Amino acid sequence: VADAYGPRVPIGGGAWSGKDWFKVDRAGGIIARRIALAAVRAGASREATVELLWRPGDREASVVALTGAGGERLDPAPHVAGIDCTLRGNGDRWPRLIAGGMARLAVEGHFGNGQSWEA
């Protein structure tokens, strides 16, 4: 994850390599990224940090906080609309990502240089 975000984003440790796309530690980072991008693209802030929560048995993440660049709290509701925050929805993206070049990503090792995060 440090390769994707650098040391500025508190991710809670661990790596994404080899992780199941249906698991919270991998899906959470990807879902949080989508919400943060939505907030930035909407002009709410120049950067955003998202905190998610899953309790045992939850089918989808709850947004605990959306924080802007200056530490200001942002309303997450307009930025979460339209984003699938379920583990199933995230894991079901896997076949589309494979078709979209994930095999090349596995060889080259990083997003960027023409490799997209989005499916």
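The side chains of Asp 58 and Arg 55 meet in a salt bridge, with N and O 3.8 Å apart; a salt bridge here is a side-chain nitrogen of Lys or Arg within 4 Å of a carboxyl oxygen of Asp or Glu. This is a predicted model, in which local features need pLDDT of at least 70 and side-chain atom pairs count only at pLDDT 80 or more, while totals for chains, interfaces and linings use all residues. Residues are numbered from 1 along each chain as its sequence is written, and side-chain values use heavy atoms, with hydrogens and water left out.

**Salt bridges**
- The count by this rule comes to 2 salt bridges.
- Asp 58 is partly exposed at a relative accessible area of 25%, and Arg 55 is partly exposed at 46% (buried means under 20% relative accessible area, exposed over 50%, partly exposed in between, with a 1.4 Å probe and protein chains only).
- Arg 46 forms a salt bridge with Glu 47, the closest N and O atoms lying 3.6 Å apart.
- Arg 46 is exposed, with a relative accessible area of 67%, whereas Glu 47 is partly exposed at 30%.

**Helix H2**
- Helix H2 covers residues 24-41 and has 18 residues; helices are DSSP runs (H or I, at least four residues) numbered from the N terminus.
- From first C-alpha to last, H2 reaches 25 Å, close to the 26 Å expected, where the expected span is 1.5 Å times one less than the number of residues.
- Buried residues in H2 include Arg 26, Arg 33 and Arg 34, as well as Ile 30, Ile 31 and Ile 35.
- Just after H2, Gly 43 takes a positive phi of about 85 degrees.

Methods
Helix = DSSP H or I, 4+ residues; strand = E, 2+ residues; numbered from the N terminus.
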